[in-house]
Amino acid sequence: MKIEHLNENKGGYFKAVNEDKTAAIMNYAWAGPGKMVIEHTEVKPDYSGQGLGKAMVLAAVDYARQQKVKILPLCPFAKSIFNKDESLNDVLF
């Protein structure tokens, strides 16, 4: 399983891919310079319970740290990941 990232002008996504099939996707939008809003996370039923949602959130956190941007997790799932792990708070806005 690999996590792919696509970033465009208005937003992008992190996607978990297994054998060229999308297993999960997490969409985000840009809310101005340096502010990423995680809008939605979806894991296909066949891949549920494998930690793919969390892996995509952590990939977004890594990206945010590297690019020096902040994250607003509007997606309830992503927000729950941040609420459970205080070590991720450095990227929140």
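Colleague: How many helices and strands are there in the protein chain?

Modeller: This is a predicted model, and its protein chain holds 2 helices and 5 strands.

Colleague: How compact is the protein chain?

Modeller: Here we set the radius of gyration beside the globule rule. The radius is 12 Å, close to the 12 Å that the rule gives for 93 residues, so the chain is as compact as a globular protein of that length. Along the principal axes, the C-alpha atoms fill a box of roughly 35 × 30 × 20 Å. Of the 93 residues, 37% count as buried.

Colleague: Now to the aromatic rings. How is a pair of aromatic rings described?

Modeller: By the distance of the centres and the angle of the planes. A search of the whole structure finds 3 such pairs. In one of them, Phe14 and Tyr28 have ring centres 5.8 Å apart and planes at 40°, so this pair is tilted.

Colleague: Which strands do Phe14 and Tyr28 lie in?

Modeller: Phe14 belongs to strand E2 (residues 11–18) and Tyr28 to strand E3 (residues 21–30), so the pair ties together parts that are 14 residues apart in sequence.

Colleague: Are Phe14 and Tyr28 buried or exposed?

Modeller: Phe14 is buried, with a relative accessible area of 2%. Tyr28 counts as buried too, at 4% relative accessibility.

Colleague: What kind of pair do Tyr28 and Trp30 make?

Modeller: Their ring centres are 5.6 Å apart and their planes stand at 85°, so that pair is edge-to-face. Ring pairs link Phe14, Tyr28, Trp30 and Tyr63 into a cluster.

Key. Residues are numbered from 1 along each chain as its sequence is written. This is a predicted model: local features need pLDDT of at least 70, side-chain atom pairs count only at pLDDT 80 or more; totals for chains, interfaces and linings use all residues. Side-chain values use heavy atoms; hydrogens and water are left out. Helices (H or I, at least four residues) and strands (E, at least two) are DSSP runs, numbered from the N terminus. The radius of gyration is taken over C-alpha atoms; the globule rule is 2.2 Å times the number of residues to the power 0.38. Buried means under 20% relative accessible area, exposed over 50%, partly exposed in between (1.4 Å probe, protein chains only). Rings of Phe, Tyr and Trp (its six-membered ring) pair if their centres lie within 6.5 Å; planes under 30 degrees apart count as stacked, over 60 as edge-to-face and the rest as tilted.
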